[in-house]
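Subject: Structure for your files

Hello,

Here is the structure I said I would pass on. My notes come after it.

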Amino acid sequence: MSDTLSGGPPHDHATPGESAALAEFRQFRERMNTRILGENNLVINRFFNLDGRAYEGGALDVKTKELLGLVASLVLRCDDCITYHIVRCAEEGVTRDEVFETMSIGLIVGGSIVIPHLRRAVDRWDDCERMRSAPSA
């Protein structure tokens, strides 16, 4: 599930209305990606690059790929990946109905063990919606 630094999406800096949880997630992600990529390990750097490129538009648009990433993240029960894809979905203009329909697929595929992760996903989505409606600075 995409969690790269280079060529990453446009949410690398604090956003007006950003919740403490999202700010903490973003800051930790940025710090650790910088640390990891700074080791200049060929395999790791190539994997991060491949991961980022996989989510670029192609036969499928970016929005669709982020929704697919969200489903996979729910099924794999990776809260960091879920948060990443929730934020990216919001940035790509995904609607509330689209995100809930997507999460329903993740729940069906993953089963009831996904429910705790679904709760956190909805909480993160609520954070993103609050950010969208926050007045611009």
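Predicted model: local features only at pLDDT ≥ 70, side-chain atom pairs only at ≥ 80, totals over all residues.

Residues are numbered from 1 along each chain as its sequence is written, and side-chain values use heavy atoms, with hydrogens and water left out.

Helix H2 covers residues 42-54; helices are DSSP runs of H or I with at least four residues, numbered from the N terminus. From first C-alpha to last, the 13 residues of H2 reach 18 Å, close to the 18 Å expected at 1.5 Å a residue (1.5 Å times one less than the number of residues).

Phe 48, Asp 51 and Gly 52 of H2 are buried (under 20% relative accessible area; exposed is over 50%, partly exposed in between, with a 1.4 Å probe and protein chains only). They lie on the same side of H2 because they cover an arc of only 95 degrees around the axis, taken from the directions from the helix axis to the C-beta atoms. Helix H1 (20-37) is among what covers them. On the other side of H2, Leu 42, Val 43, Arg 46, Phe 47, Leu 50 and Arg 53 are exposed.

At the start of H2, the backbone nitrogen of Val 43 has a side-chain oxygen of Asn 41 within 3.1 Å.

Asn 40, in the loop between H1 and H2, is not a glycine, yet has a positive phi of about 55 degrees. Asn 40 is exposed, at 61% relative accessible area.

Arg 77 also has a positive phi, near 60 degrees. Its place is the loop between helix H3 (62-76) and helix H4 (79-91), and Arg 77 is partly exposed at 38%.

Regards

How values were computed: Helix = DSSP H or I, 4+ residues; strand = E, 2+ residues; numbered from the N terminus. Contact = heavy atoms within 4.5 Å. Polar contact = N/O pair within 3.5 Å; in protein donor to acceptor, adjacent residues only side chain to side chain.
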